[in-house]
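Please read them with the sequence and the coordinates open.

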Amino acid sequence: MDKKAVDASSEEKIDWGGRGAEEEEEEEDVWKIKTLPKNVHAGLPNPLSDPVKCSLIKGDYLYFHYGCDGQDDRGWGCGYRTVQTMASWLCQNWSSPKNQNRPAPSLTEVQRALVAMGDKPGSLVGSREWIGTFEASLVLDYFYDVPCKLVHVRGGGAELEQVAVEELHRHFEGHASPVMMGGDRDNSSKGVLGVCTGEEGSYLLVVDPHYYGGQLEAAELQRRGWVAWKRVSSLDQSSFYNLCMPQTAKRGM
């Protein structure tokens, strides 16, 4: 949640490694290896039959959502899960000396990184405090040495349709990496994997981290709306939105 102004059936195992706190060791042993769905937007029909312009993510990623590692983070962990989805893309598509194919960090690793950088107090570790796009930019740079562009959209139909849509088209055409989106009234973090524009408006390809439950195939996630094209006009018109856009054009692609 944000507080601040391809193969559809593919899956992959994640080694979560150490999570630091001694009280987590038992849980970690159980959830050290977890299978996650890959490229969950694959096969999803285009929202427009005759679009003026469509720009999409390129490269593989994993879908992270509430509880996917055994930790019940419902109500507070959506920002962390979106960061993990973005990190999984960077792991597979972005090359830097600091990266070295590092898997997505655990929730505790994200919290410890924010404390190490001085952005948060030590009490963050083990807490249920939300993170947003600003924290996401710090975490992705910390673990993957990738700069992020932060875009503030004041809200309302015109701002979303013009500023956000144009920024997203430029991003996917130039960088092709997943984007994190969140706001104030609409404070539910969401991943954005594409944008499609027609004569009567635009749609965002949204991967929603709020799903909680057992593993589902991509087609079922799409059927239930956890991965879907969302009309821009359906977003909260009274909310501001922030976008976190990893700048990956110069290296890695």
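1. Overall content. The protein chain has six helices and nine strands, where helices (H or I, at least four residues) and strands (E, at least two) are DSSP runs numbered from the N terminus. This is a predicted model, in which local features need pLDDT of at least 70, side-chain atom pairs count only at pLDDT 80 or more, and totals for chains, interfaces and linings use all residues. Residues are numbered from 1 along each chain as its sequence is written, and side-chain values use heavy atoms, with hydrogens and water left out.

2. Burial and surface. The protein chain has 253 residues, and 53% of them count as buried. Buried means under 20% relative accessible area, exposed over 50%, and partly exposed in between (1.4 Å probe, protein chains only). The accessible surface of the chain is about 10900 Å², with 47% of that belonging to carbon and sulfur atoms. These areas come from the Shrake-Rupley method with a 1.4 Å probe, and for residues only the protein chains shown count as cover.

3. The disulfide. How many disulfides does a search of the whole structure find? The search finds one, a disulfide being a pair of cysteine sulfur atoms within 2.5 Å. Cys54 and Cys196 form it, with their sulfur atoms 2.2 Å apart. Cys54 belongs to strand β3 (residues 53-56) and Cys196 to strand β6 (residues 190-198), so the bond ties together parts that are 142 residues apart in sequence. Cys54 is partly exposed at 34% relative accessible area, whereas Cys196 is buried at 0%.

4. Two further cysteines. Cys78 is buried, with a relative accessibility of 0%. Cys91 also counts as buried, at 16% relative accessible area.

5. Strand β5 and its partners. Strand β5 (residues 179-183) is mostly covered, five of its five residues being buried. Val179, Met181 and Gly183 point one way from the strand, while Met180 and Gly182 point the other way. β5 and β6 run antiparallel and are joined by three bridges; two strands are taken to pair if DSSP finds at least two bridges between them. A hairpin of six residues connects β5 to β6. β5 also pairs with strand β9 (residues 241-246), in the antiparallel sense, over four bridges. Met181 shows both pairings: Lys190 stands opposite it in β6, and Leu243 is its bridge partner in β9.

6. Met86. This residue is in helix α2 (residues 78-93) and is buried, with a relative accessible area of 1%. Leaving aside neighbours within four places in sequence, Met86 is in contact (heavy atoms within 4.5 Å) with Leu140, Pro178, Val179, Met180, Cys244 and Pro246. The C-alpha atoms of Met86 and Ala104 are 8.2 Å apart, for residues 18 places apart in sequence.

7. Helix α5. This helix (residues 157-174) has 18 residues and spans 25 Å from its first C-alpha to its last, close to the 26 Å expected at 1.5 Å a residue. The expected span is 1.5 Å times one less than the number of residues. Its buried residues include Leu160, Val165, Leu168 and Phe172, along with the charged Glu159 and Glu167. The buried residues of α5 pack against β3, β4 (148-153), β5, β6, β7 (201-207) and β9. Ala176, which follows α5, has a positive phi, near 70 degrees.

8. Glu167 and Arg170 form a salt bridge, their closest N and O atoms 3.5 Å apart; the rule asks for a side-chain nitrogen of Lys or Arg within 4 Å of a carboxyl oxygen of Asp or Glu. The two residues lie three apart in the helix, about one turn. Glu167 is buried at 13% relative accessible area, whereas Arg170 is partly exposed at 48%.

9. Other salt bridges. The count under this rule is 13. Lys38 pairs with Asp60, with the closest N and O atoms 3.4 Å apart. This pair links distant parts of the chain, from the loop between β2 (33-37) and β3 to the loop between β3 and α2, 22 residues apart. Lys38 is buried at 16% relative accessibility, and Asp60 is partly exposed at 26%.

10. A buried pair in a network. Arg81 and Asp73 meet in a salt bridge of 2.8 Å, N to O, and Arg81 and Asp73 are buried. Asp69, Asp73 and Arg81 are linked in a network of salt bridges.
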